[in-house]
Amino acid sequence: MQRCIQLALNGKGFVAPNPMVGAIIVYNDKIIGEGYHRQYGEAHAEVNAIASVADRSLLKHSTLYVNLEPCSHHGKTPPCSELIISKGIPKVVVGCLDPFPEVSGRGIRMMQEAGIEVKVGVLEDECRNLNKRFLTYIQQKRPYIILKWAQSADGFLDKNREIGNCEKPVRLSNDFTQMMVHKMRAEESAIIVGTRTALLDNPSLTARLWSGKNPLRIVIDKELSIPSNFHLLDGTVPTLIYTNKVAENKENIVYKTLDFGKDILPQIMNDLYERKIQSLIVEGGSVLLNSFIQSGLWDEACVETVSTLIKSGIPAPYLKPCTVHPVPFTNIKCKLLNVQKCENSIVSRYENSLIN
């Protein structure tokens, strides 16, 4: 099952909104075939694993291992459960059930009714963690949300700057951590910033420093105040703009009108769910980050802390790894997942324990 997880990770950033899945086929304690879901809309892991077996006659004496329940419905590809049954594979070991309503135990039942021995729950926690984005999307009907920011040693995001002054932000990330951020962008479905960040920094929000796809760029621009010559409106990358205005869509730019008289975050979550956006990076600024924290709308936080001192400026959000800690506006159960040192930076990842 560990090998299935390793294989599945090769699809990270390419298979959403589908889950990451890896499969292996074992005969006499030897792996004779393996595969993973490579690209959304293409063959599933079980199909690729079966296709990789040189001697198909061995399938009737083999065990198939897969980290997620084989599908039982017709989507972009035929049901994997039917393929497993048709090949006469006598035993299947599954990491965890698929909560997707059109599967959700049906694949298991279909195989069992065909006489296949099915074992479920091997490395279940690890398999669920692998597809936490998919599970969050299906079960909570919203994207998996990652807060991301860099802060100085004295707890500031940036110095105070005025819109229109063309002042550059304090550079906190180094070359390596900046590349890590672009890797994250290539692996997640979308990235969001607020109006002030867009106007102050004119960000591209692409994954140009890493090989892979660009995320959907999202910006909250209530009054449509971002100039047309800014990177976010260059039309080179699919971009979604939330506004209270009515505007005509352009090439690669979609405008969505929200009711700013109400809380916009639930509206955004509903819209992203409808658009099948499975994961979202919240990159700033301070007001937007704190609004997600206020609402309890976050699953993970990636915080880079550098040795630079700013002394005064925009305070960073505050998360502390303890059982319960009063974060501004609410109480958050926050768990420290890991810490990585990168030159003059320390990158810490946290989990929202209230949700996870």
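Contact, as used in these legends to the predicted model, means heavy atoms within 4.5 Å.

Figure 1. The buried residues of H4 are Gly107, Ile108 and Met111, and because they cover an arc of only 100° around the axis, they lie on the same side of H4. Strand E5 (117-120), E4 and helix H3 (80-86) are the elements against which these buried residues of H4 pack. Just after H4, Gly115 takes a positive phi of about 95°.

**Figure 2. The largest nonpolar core, with a close-up of Ile25.** This core holds 37 residues, of which Ile25, Leu64, Val66, Ile84, Val92 and Met111 touch the most other members. Two or more residues are given to the core by each of several elements, among them strand E1 (22-27), strand E3 (63-68), strand E4 (91-96) and helix H4 (106-113). When neighbours within four places in sequence are left aside, the residues in contact with Ile25 include Lys30, Ile31, Ile32 and Gly33, as well as Ala49, Ile50, Val53, Leu59 and Leu64.

**Figure 3. Helix H9, with its buried and exposed residues.** In helix H9 (residues 264-274), the buried residues are Ile264, Leu265, Ile268, Met269, Asp271 and Leu272; because they cover an arc of only 165° around the axis, they are placed on the same side of H9. The exposed residues Asn270 and Glu274 are carried by the face of H9 that is turned away from this buried side. The partners against which the buried residues of H9 pack include strand E6 (144-151), strand E10 (239-243), strand E11 (253-257), strand E12 (279-284) and helix H10 (286-294).

Figure 4. Thr177 is found in helix H7, which spans residues 175-187, and it counts as buried because its relative accessibility is 3%, where the cut-off for buried is under 20%. If residues up to four places away in sequence are not counted, Thr177 touches Glu304, Cys342, Ser345 and Val347.

Notes
Residues are numbered from 1 along each chain as its sequence is written. This is a predicted model: local features need pLDDT of at least 70, side-chain atom pairs count only at pLDDT 80 or more; totals for chains, interfaces and linings use all residues. Side-chain values use heavy atoms; hydrogens and water are left out. Helices (H or I, at least four residues) and strands (E, at least two) are DSSP runs, numbered from the N terminus. Buried means under 20% relative accessible area, exposed over 50%, partly exposed in between (1.4 Å probe, protein chains only). A nonpolar core is a set of buried Ala, Val, Leu, Ile, Met, Phe, Trp, Tyr and Cys residues joined through side-chain atoms within 4.5 Å. The arc is that of the directions from the helix axis to the C-beta atoms.
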